Each structure stands twice: as C-alpha cells, then as structure tokens.
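Subject: Structure for you to look at

Hello,

Here is the structure I said I would pass on. My notes on what was found in it follow below.

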Amino acid sequence: DLSNPAFAPVSGATSIPVGAADFCKRDRAACAANANVVEVEPLTPQSWSQLVAINDDVNSTIVPETDEDLYHVAEYWTYPDGRGDCEDIALEKRRQLIENGWDASALLMTVVRERNGDGHAVLMVRTDRGDLVLDNQSGSVLLWNATPYEFIKRQSQTDSSKWVGIDDNRATIVAVNN
C-alpha cells in the first residue's frame, strides 16, 4: 500500500536537475526508460545486508570533494573516481546495486534540502518496507521520513531521465525569534 507513510508521496512531473540532465546526455544507458517497472524491491535479510554493505563501502572509499574543487564547475554529475560529491556517491551506489541484480526502476536519484537550506542528493531505494535512503552523510540506511531532510524531487520509476516532485508534507520545524 503506497499510501503508507513509509513511502514518499509523489506529485506530477517536474524539472530534471541541471547536473542530472547533463549526466543523461553523456550516459544515455544510465538514463533510459525502464522496460519493466518494479514498483518495490522485496527486502530480505540478504538484500538488506547487501544494501548496507554497498552503502558502507561506497561511503568509506569515496573521498568527499566538491564539483568546484574537482571539475571547476558548480554542478557536475558523474561516477566518482576515488573522489566525488553527494550525487556522484549516490550514482555509484545505484550502479553497484544494479550490478548486483537490483532493478534500476527501484533505485532513484533524489534531491533533498538540508536543514541549513543547502541542496543535497541521496539514493532512494523503493522496497516493500518503504522508501529507504542511502546517504553519504549518514552510515545508517533509514526510511525517507526518518531523515532530517526536506524531500524535493526524484527520478521517475518509469524513466530515469524524467523526474517527479515529492510532496513532503511532514511538519517542518521553524525557529521563531520573539
């Protein structure tokens, strides 16, 4: 039941992030329409262990570095070569999960906003237990609604080159000065 709060509610089509659009032009195979859409991946003890292991391995082996420092541009999505920023790290996790038999339609690049207002990218994994988040800023694999982020948009399950909005209507904590 996708109305369960463990699943991030989506709205209609929205704009693709600039870095993702550029990445899709360079790697059309990674951004193709999905012939068969798997609504959710079954989460078994084995698949959970694999998810955690890949998250841990990529988080520990890729050195975080900004696109400005690496490529001298504000935004550049690519697979990391030992170094990369949040979306590069999420792309690598997605690639490794696909190589290990996970369906691409359940592995969704996702844009969120941190509490300080900064943009951030994570990998959302649609499972039969809910939408799990693989994040380079956290060693824990958490349900989307257990993270500190405001969810903005993610890849469409039917076509990796298209994006949908996320209706993150969870209560937002706002500091008010009296």
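Helix H1 gives three residues to the lining of the largest cavity, which is the largest share of that lining. Please keep in mind that this is a predicted model.

The cavity

The count comes to one cavity of 30 Å³ or more, and the volume of the largest cavity is about 60 Å³. It is lined by 13 residues, of which Phe23, Cys31, Leu91, Met109 and Gln155 are the closest to its centre. Besides H1 (18–26), helix H4 (86–99) also supplies at least two residues of the lining. By residue type, the lining consists of 10 nonpolar residues, two polar ones and one charged one.

The cysteines

There is one disulfide in the structure. It links Cys24 and Cys31, with an S to S distance of 2.1 Å. The torsion about this S-S bond is about -75 degrees, so the disulfide of Cys24 and Cys31 is left-handed. Are these two cysteines, Cys24 and Cys31, buried or exposed? Both are buried. Cys86, on the other hand, takes part in no disulfide, and the nearest cysteine sulfur, which belongs to Cys24, lies 16 Å away. Cys86 counts as buried because its relative accessibility is 14%, and the cut-off for buried is under 20%.

- With strand S5 (residues 119–127), S4 pairs in the antiparallel sense, over seven bridges.
- With strand S8 (residues 150–155), S4 also runs antiparallel, and four bridges join them.

In S5, the residue opposite Arg113 is Gly119, while in S8 the bridge partner of Arg113 is Glu150. The hairpin of S4 and S5 has five residues between the strands, and one of the residues in the hairpin, Gly117, has a positive phi near 95 degrees.

When you go through the strands by eye, one general point applies: in a regular strand the side chains alternate between the two faces of the sheet.

Regards

Definitions and conventions. Residues are numbered from 1 along each chain as its sequence is written. This is a predicted model: local features need pLDDT of at least 70, side-chain atom pairs count only at pLDDT 80 or more; totals for chains, interfaces and linings use all residues. Side-chain values use heavy atoms; hydrogens and water are left out. A disulfide is a pair of cysteine sulfur atoms within 2.5 Å. Buried means under 20% relative accessible area, exposed over 50%, partly exposed in between (1.4 Å probe, protein chains only). On a 1 Å grid over the protein atoms alone, a cavity is a set of points where a 1.4 Å probe fits but cannot get out, and a pocket is an open set with protein on both sides within 12 Å along at least five of seven lines; lining residues have an atom within 4 Å of a point. Grid points are joined across faces, edges and corners, and a volume is the space filled by probe spheres set on the points. Ala, Val, Leu, Ile, Met, Phe, Trp, Tyr, Cys and Pro count as nonpolar, Asp, Glu, Lys and Arg as charged, and the others, Gly among them, as polar. Two strands pair if DSSP finds at least two bridges between them.
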